[in-house]
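Me: I'm new to this one and would like to understand the labels used for it. Could you walk me through them?

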Amino acid sequence: MKDNKFLTLGIETSCDETAISVVADGREVLSNVISSQIDIFKNYGGVVPEIASRHHLENINGVLETSLKEAGVALDDIDLVGVTMGPGLIGALLMGVSTAKAIAFASGKPIVGVHHLIGHVSANFIQHAELEPPFMALITSGGHTEIVQVDDYDKLTVLGGTRDDAVGECYDKVARVLGLGYPGGPKIDRIAKEGNSEAIHFKRVYLEKDSLDFSFSGLKTAVLNYLNSEKQAGREVNRADVAASFQQAVMDVIVKKAMDACETRKEKKLVLAGGVAANSKLREMLDKECAKRHIKLYYPAPILCTDNGAMIASAAYYKYTKNGADGLDMDAYPYLEF
Ligand code: KG4
Ligand code: ZN
């Protein structure tokens, strides 16, 4: 406790970011240090789990020190240690969980394990001081695509999710075949602005009537088939047109399903979360559709959309406030339900 504020240390290592943050009273970011391994994985075209774990191990103590220093606090001032316990890469998760346990054990502070996706949703509590549940959430990241009813800080019901690829994964794969590099999301977002989204028609997959599930693997294959057939015919491909047409096909489906979810549940608040929530097309389309329906749209700043420790600290604070601490026997889980 410092200046009467409750300080949470948030640790996130579920994929390729080693991130640690200090957050006061669940919403005020005092530091948000993110050591990204993107430069390393550019050369591999994606994350290599074993290499990611080794880099977390090398980086984590330095990230912790920097985070405390930037917040102007000592480990003794921290009231709660929050850490991502899943879902994610197991070796990577264990680096964060082991560090959190070591800190909690040595300092006698309580520890709380956080669901990574509840963390992503909680990034919005930091960004929007007035936001409180209930609301609808659209979570789109490298590993997940879900529409979730959030009734309380720790009460989430999944209404729909992807049956195959996650949106971010699809962006990354399409970017790779277009030769745009890793991570593909921001690159496709940028190049699509120069392209024509109606140049190529890729089928929109809505699945069964009223279903809030997604399927993106067919779209990914359609892009690959298009590129192969153009190559075989000796035609040059306009990458901006392919990116824009692919992105439009993804977003048409996501936006329609998010609007359907809000309308059927009569929900007037929609929250975006996860790496793909940084996408400019998604924000632009939802801004418009939500305005038409008088739905208030919330999204975090781009730095809070992708993986960070602040969102984990915020989620940990609310979980602790409602349910208390976890034991030191808490663990990491590659797959984890809400
Ligand atoms: O949430 P996140 O940092 O990690 C996971 O939990 O997966 O999300 C990373 C994903 C990557 O697939 C990345 O390509 C995508 O988010 N992404 C984007 C954008 N920025 C990041 N996708 C589309 N447009 C963006 N601007
Ligand atoms: Zn994430």
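Reply: Happy to. Let's start in helix 9, where Glu 289 and Lys 292 both lie, 3 residues apart, which is about one turn of the helix. Helices here are DSSP runs of H or I with at least four residues, strands are runs of E with at least two, and both are numbered from the N terminus. This is a predicted model, where local features need pLDDT of at least 70 and side-chain atom pairs count only at pLDDT 80 or more, while totals for chains, interfaces and linings use all residues. Residues are numbered from 1 along each chain as its sequence is written, chains are lettered from A and ligands numbered from 1 in the order in which they are written, and side-chain values use heavy atoms, with hydrogens and water left out.

Me: What makes Glu 289 and Lys 292 a salt bridge?

Reply: The term asks for a side-chain nitrogen of Lys or Arg within 4 Å of a carboxyl oxygen of Asp or Glu. The closest N and O atoms of Glu 289 and Lys 292 are 3.2 Å apart, so the pair meets the definition.

Me: Why is Glu 289 called buried, and why is Lys 292 called exposed?

Reply: Buried means under 20% relative accessible area, exposed means over 50%, and partly exposed is in between (1.4 Å probe, protein chains only). Glu 289 has 18%, so it is buried. Lys 292 has 58%, so it counts as exposed. Salt bridges that share partners join Glu 263, Glu 289, Lys 292 and Arg 293 into one network.

Me: How do you know that Glu 263 and Arg 293 form a salt bridge?

Reply: Their closest N and O atoms are 2.8 Å apart. The pair links distant parts of the chain, with Glu 263 in helix 8 (residues 239–264) and Arg 293 in helix 9 (residues 280–293), 30 residues apart. Glu 263, at 44%, is partly exposed, and Arg 293, at 24%, is partly exposed too.

Me: Why does His 120 count as buried?

Reply: His 120 has 1% relative accessibility, so it counts as buried. Asp 307, at 13%, counts as buried as well.
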